[in-house]
Amino acid sequence: MRTIAVTSARNSTFPVQQHQPDDVYVVGVAEIAQLGGLPGYENEGLLLNTLPGVSPIGGSSGGYLGSGTSIRGGLANDTGYQLEGLNATDPLTGYFMNNLVLNGAQSVNLTDGPGDASKGGSGAGFVNIITKTGTYPSTGYLQADVGGPAFEHNLIGEYGTATADRRYSLYVSGRYDREFGGCCAPPYGSVYGDNSTPYPDIVGQSDFQETNDTVANGLIHFGKDNANTIQLWGEWGANAEIGGHGIDAATYPFASAIPAYVNVYQQTPLLLAAQAQEFGLPVTAQVGPLSVKQAQALMPFYPGQTDANQAIGSSPSESTTFDLLKLGYSRALGSRGFLTARLYRTQNGVVDNFNDPNNSLFGYGLPSQGFSDTFVTRASQNTGIGADLQEIIGEHHTATFGVDYRYSNENLSGFLPSPSLFFAGPTVADFLQVNPFPTIQNPQGGGAPGLFAGQRYPALNFTMADPMHVTSLYATDNWTVNDRFVVQPGLRYDQQKVPTGAGTYEANQLQPRIYATLTTGRNHDTVIRGGYGHAATFAPLIQIENQYNAPAAFASQPATQNICGGVNGNFSQPCANYRDELQNAWWRYYGVNPYSFSGPQQSDTYEISLEHAFPGETGLKVTFFNRRDYNVIVNSQHVTIAPNGAVIPGTTSVTNDGRAQTAGVELQLSRQIVRGLSMQLNGTYINQFVNYLTPQTPAFRPTVEPALLASGAMFHPSYISPFTGALTLDYNSHGWRVDPIFQYISGYPVGVWQKDPIFVNGQPVFVPNTNLYGGFGSQYCYYVDPQNPGTPGHPHIIGSTGGGCTSQLNGALTHSILFTNLVISRQVTHRILIGVEVQNLLNNTANYPYFNPGYVNNGFGGYAPGSGTNPVSGPGTVATYPPGPFLNYPSGPGRQITVFSRFSI
């Protein structure tokens, strides 16, 4: 017999894949355990952070190893998530919908870059989790974990069964966790001990997390040669995060009962001077501070609150429930075709309840100067249908055609009680006993009681309720030129429609992609892979619609000031009525245009890989990539400048003014064997420049400052470390398993530019970096006197934050950090496994320089001269801080010891 050709089959997790044209990393069950530590490892976010091309999102709110992930430097909503091929992104935010729990995962498939044409909604990367299926004979296990000193106890179990003829199979898996540490509970939470800690002002870092997650996967095969398959798949989950642990919700009063908080409201009339300057309103009457009684009578109430000293009855919390359902059908069409179809529904509900002025839950215990009371309820549902047809054409082509239609309906209602006054502009004067401004009704001057004197100011309320339609068409051809050369051209088309009160928003995009692999070497052991992909990321609903709803009763009242003008930001038009006046004031300060019709974000990615298989089941893959993001969806604020040079921020619209340039290198070296020493080494280098800033949640909903945009300046984002890596050594022999796991981060960019671009007569001019754009706690080098700001070119600077504001520190990194985990386990019998994991073995609690919330610069008027004082101190906080502008609380996780045992069926 003559040998025609020699082919080799490699495991899908092996780095060298000669017929995989796009950049995909497949992580199997064994690799998940190696990189995660515990068998049955479940934290999807942290697992992704160890893989090539993925960076842990860092920063003051993410710490060093927060569970947030950035693929190739992409934004948080620039990552696609799938479960069993089912779109698992929330239409409201574009973010993941489930708990990010690796429940029942057979494999985690990470695509770095846009991927083939079947993948949409992301130019940065894509994650798809494949669920296990039932087996014959039946298998399963039950595992229990107990850890401390940050208390945790977790129960994990799975069971899979099938009939002997394999026609019917069922797999069920459950993860049920109770732990301190919140979203990133041990080993990577915010807790440095149990529910008490020696660190001051740390109450918000003692969050308690409850997670329930269940997955079921049923398959039915029927027909001749079992050519037909029906899949019934579902995931059901609930997640509750309780912040400020230790606060008694039954007795803890609302913020309005805290004296220091009330004192801030007593000074409310002093804000009117700034409003007069900003709106060009003359002041014709003097207004002094309010009494305690008057201040509490004016404060907007939290939903359900009827008294200023009323206990709300709940601690700061976030709760999530979701269910994902899929009905799939597949059928072989002769010997050359294959059809798959799916009908699916995903539902997601979230309640965010931050009733603490110190925002313990999401402020990580660091007080945010109060005014962070939030109550948001949101729910969304995706209902969709899709199909894929694969057909072998001739001897060299395998074509795939796909279609997917998704209908999303959603509802969001959010209340911001205490911030409402500070978003209100001059409208607050209409609720005071003395209105200092002349009004339409009293053009001669103020001094008389406001039109609504004696009434409580309404809480700001914003809603979203419009549906979304998304249609996708895609086609790909795997052209096998010969056994060594494969070319994969593809084309994708996406269309998004949202009917709104301002008309139908529509965006669409064609996305061409082409990848190829060339295999060389006598044993097909070297692969050169590369290609180009164009991708579009569409705006989530929260960036399309954000309506404001003042109480309808105000529509029957006349306007008092001509401060309207809506989204144009000039606020000079007459207001139709007082409800219109309130809504315009809220739009101006809260910052989001009620309707924004931006286009999709675009990206062009070029990449090339070198892959080589060494002897001993060892594979190496090195990938170079370059991505240009343009038309990035950002918040862009309308800004005007008063005659005295003060910058006046106006309404924010969602635009396509953002851009980024990213280049990087991915490395994977892997050796996987059944017995002996296996290893994985993953590394990522990223050099990224962007022109946008991100808020407290890094890499999410960025903002472009107008003058910064006009200057063309770009800079390194503070949440992406240039280099990250993970190494795990897995020794498995005679029932023993020893896994040392190392994760390295080279540090995060720190420091800010010394000069900031602003507009002068329409031209960007660089001036000393100041708080001209307002906002206590932002990264500014210098403070100007709010009562005498000077001009944009010559600001009246009266203080400096110090810290990272020297030229030597611009672009510098925080110090590097190495986390070490160790797992040791023993297979006692063929059914019983016991083990111990020590997370952060060396107790590396290196810190990230947090901004000091108690630092008050001498020139920052509102809280009197001096620094180091928290003007809104409450339970669990400290009243006095160090005098510097930065704090160094540990942001690395403390050492955690977890004991686990597994009983196999």
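Q: Which residues is Leu729 in contact with, leaving aside its neighbours within four places in sequence?
A: Contact means heavy atoms within 4.5 Å. With neighbours within four places in sequence left aside, Leu729 touches Leu677, Ser678, Met679, Val738, Asp739 and Pro740. Leu729 and Asp739 are 10 residues apart in sequence, and their C-alpha atoms are 5.5 Å apart. This is a predicted model, in which local features need pLDDT of at least 70, side-chain atom pairs count only at pLDDT 80 or more, and totals for chains, interfaces and linings use all residues. Residues are numbered from 1 along each chain as its sequence is written, and side-chain values use heavy atoms, with hydrogens and water left out.

Q: Where does Leu729 lie, and how is its accessibility classed?
A: Helices (H or I, at least four residues) and strands (E, at least two) are DSSP runs, numbered from the N terminus. Leu729 is in strand β28, residues 723-733. Buried means under 20% relative accessible area, exposed over 50%, and partly exposed in between (1.4 Å probe, protein chains only). Leu729 is partly exposed because its relative accessible area is 29%.

Q: What do these terms give for the protein chain?
A: The protein chain has seven helices and 40 strands. Buried residues make up 57% of its 905 residues. Of the contacts in the protein chain with a separation of 6 or more, 71% are between residues 24 or more positions apart.

Q: How far from Asp177 is the nearest side chain of opposite charge?
A: Lys and Arg count as positive and Asp and Glu as negative, while His and the chain ends are not counted. A salt bridge is a side-chain nitrogen of Lys or Arg within 4 Å of a carboxyl oxygen of Asp or Glu. Asp177 is buried yet has no salt bridge; the nearest side chain of opposite charge, Arg178, is 6.6 Å away. Asp177 belongs to strand β10, residues 168-180. Beyond four places in sequence, its contacts include Glu42, His153 and Gln209.

Q: Which residues make the nonpolar surface patch of about 530 Å²?
A: Patches are made of residues with over 30% relative accessible area and no salt bridge: like charges are joined within 9 Å, nonpolar side chains (Val, Leu, Ile, Met, Phe, Trp, Tyr) within 5 Å. Areas come from the Shrake-Rupley method with a 1.4 Å probe, and for residues only the protein chains shown count as cover. The patch consists of Tyr159, Val828, Ile832, Ile834, Phe903 and Ile905. Val828 sits in the loop between β36 (817-827) and β37 (832-839), and is partly exposed at 46% relative accessible area.

Q: How many aromatic pairs are there, and what is the geometry of Phe431 and Tyr457?
A: A pair of aromatic rings is described by the distance of the centres and the angle of the planes. Rings of Phe, Tyr and Trp (its six-membered ring) pair if their centres lie within 6.5 Å; planes under 30 degrees apart count as stacked, over 60 as edge-to-face and the rest as tilted. The count comes to 13 aromatic pairs. The ring centres of Phe431 and Tyr457 are 4.8 Å apart with planes at 70°, so this pair is edge-to-face.

Q: Are Phe431 and Tyr457 buried or exposed?
A: Phe431 is buried at 3% relative accessible area, and Tyr457 is buried at 1%.
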